[in-house]
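Good morning, and thank you for coming.

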Amino acid sequence: MVRLTDWVLAHRRLVIAVWAVLAVAGGALAGTTVGRLGFDFSTPGQPAYEANVDIAEQLGTGGAVDPLLVTVALPEGTTVTDAADELDAAYGRLARPGWRVATPLDPGGEGLVAADGRTAVALVWPPTVPGAAPYAAALPELEGALSGVTVAGGAPVVTGTPLLAEGGGEERPIIVEIALGAGGAIVVLALVFGSLLALLPLLMAAVAITTTFLLVLGLTTVTDVSFIVQYLVGLIGLGVAIDYSLLVVMRWREERAAGAGNEEAVRTAMATAGRAVVFSGVTVAISLLSLVVLPLPFLRTVGFGGLFIPLVSVLVALTLLPVLLVTVGRRLEWPRKRPPAAESRTWRRVGEVVVRHRVVAAVLAGAVLVVLALPVLGIRLGSPEVAATATGSTPAATAFRQLDDAGLSAGVARPVEVLTADRPAVADAVSGVPGVAAVLAPSGPGWEAGGAGLVDVVLAGDPSTDTGRETLAAVRAAVASVPGTVVGGTAAGDVDSVEAIYGNAWWVLLLIVAITFVLLARALRSVWLPVKALVLNVVSVAAAYGMTVWIWQEGHLVETLFGATATGTLTFWVPIAAFSFLFGLSMDYEVFILSRIREGHEEGMDTPEATVHGIAYTGRLVTSAALILFLAFVALSTVPVVDVKIFATTLALGILLDATVVRGVLTPALVALLGRANWWWPARLSRPAR
């Protein structure tokens, strides 16, 4: 680290010039990067994915995209039967070349009429276009076809999951969320530094974020990259880059306050805090390998995009930051006032209390985490229930809520699509399956082509509920004996995605844990400290999962916090993605704390004293860094996409728990309990004495 620092300080102008070019280029091309991000959540090789590909190729519509719903709510005293002629005329206007339509007037369409007899829905599958709004090209044509149409005095309204997923707000650029996160960060940094030095970590974050966007742009030239990456780069990048810079700057400040010269303080900070930054960044990067090696393209790109974040942030902290500290660091200590003591009296008292009552502290903190983790035992993975996306006052959301209130099954929004060479056999097989509300097999355009045809099965319950999943499994089993039959649709795709991600994920996670253990063991020269750190990380992540299940899946506080309703499930990719990020980010704080405890021990302190010393010197740092990341995730939760909100909630809760209960209480308590065992290191691995 000292040699690297000497090199960058000797080439200051070159270092500044290189980072300036990268940052400017990344910022200038950020719009291009975002524009090239995709919205594909496909799972190649899985049965439903392959079925959806066949459906799209042979019939041109449907498969991986749910239909639009054209809803009609008739006035009191009027039923669908009474208004059959008007409905037939209205539905006739939906017939378009390349469109597929199913109406309540088709054979089997009785299931598209609510129990009240006056609320009905037609299913429409227009051609799709790539992007977040698959029906963007077709919607104007559909609205034009329905313009001026009334049925018993009421106008049809268009809804459906593709419209509900878009939310009610206007699309806004990622810079809005970054600005929200940066606003919270600058407040925290101003309180920490009390001078213009607070701007330095923010500047490092800006350089890291724009440079990472440039790397993501390069990645888009070789593969499709998920739109989720922009939020990770913008907000996790903001928090991570500030965290690493904060660690180095605070150590530099500490050394200067102890009487060291400016360059000497920089070298010492890089040799100590800089070393911790390297191991922290590498740990975060390794934890993201769990996404890179999974057989799902969109998660793989999230992993690669996330991988860039800590690596670029580390490079910025190791090269650009020491140069700026040497050149302008002292000038930024304005308004001039005495820097706060490096040791926090508050955190020293916390450390002393925890170490003195280590058994009680460990038991109570462990019990809290276990209780918080309990709801994870009931976790369900898939897509949020349709009703959870039908919030707000948009026409699409209002129309779907009316369907729901009328008693029409939410399964109508996500029908199971069966592609078969024998439609009558499939229709007979599924019509007797319990939980099936309707079997649609019209003979109109778009339903048959090349000797194959579609049968759409509407489930009586939302496909994301336990009942809906059981019915879906029964439908798949019922058609398995019909030759040339495959099952597609988004509901079947969800089931396959869960299996693809979590069926073999255990060995990937074990590999990540093993690699992380080796790295931490070498960094801390201890066997039991890494074991403790890994166990605490797993418990911390489990508690974050449990709270997310309690809030989003079960619906506690979700309306108060987000103005939403219970999702009934957690989005299938959230747990694995959250684990990858939380595992690495939480380890950051563990490395910061344990490295300082290790320093104290090497200076001759016994374990309890070294533990208090480590907490006293890192407590304020960890709290500030965690608060910045927490605020970044709060900003992420404002994105008007339910999946992203759930992801942000998991990350925010994980960081909050980790920085308080885990690192503030459990870590010092367990280190104190382990005593001399913390420092056990096999003799054959010890460095030779000099």
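I shall begin with how the model is to be read and then turn to its parts.

This is a predicted model, in which local features need pLDDT of at least 70, side-chain atom pairs count only at pLDDT 80 or more, and totals for chains, interfaces and linings use all residues. Residues are numbered from 1 along each chain as its sequence is written, and side-chain values use heavy atoms, with hydrogens and water left out.

The largest nonpolar core contains 142 residues, and Phe581, Leu636 and Phe647 have the most contacts inside it. Such a core is a set of buried Ala, Val, Leu, Ile, Met, Phe, Trp, Tyr and Cys residues joined through side-chain atoms within 4.5 Å. Buried means under 20% relative accessible area, exposed means over 50%, and partly exposed lies in between, with a 1.4 Å probe and protein chains only. Helix H10, residues 228-257, gives the largest share of this core, 18 residues. Helices here are DSSP runs (H or I) of at least four residues, and strands (E) of at least two, numbered from the N terminus. Apart from this core lies another, of 53 residues, including Leu59 and Leu454.

Helix H10 also holds Gln230. Is Gln230 buried or exposed? Gln230 counts as buried, at 9% relative accessibility. Its side chain reaches the backbone oxygen of Phe227 at 3.2 Å.

I turn now to charged pairs. The whole structure has 23 salt bridges, each being a side-chain nitrogen of Lys or Arg within 4 Å of a carboxyl oxygen of Asp or Glu. In one of them, Arg100 pairs with Glu417, with the closest N and O atoms 3.0 Å apart. This pair links distant parts of the chain, since Arg100 is in strand S2 and Glu417 in strand S6, 317 residues apart. Arg100 is buried at 0% relative accessible area, and Glu417 is buried at 1%.

Another salt bridge joins Arg12 and Glu263, again with the closest N and O atoms 3.0 Å apart. Arg12 lies in helix H2 and Glu263 in helix H11, so the pair ties together parts 251 residues apart in sequence. Arg12 is partly exposed at 28%, as is Glu263 at 32%.

Finally, a network of salt bridges links Arg251, Glu254, Glu255, Arg596 and Glu599.

Methods: A polar contact is a pair of N or O atoms within 3.5 Å; within protein, one must be able to donate a hydrogen and the other to accept it, and residues adjacent in sequence count only if both atoms are side-chain atoms.
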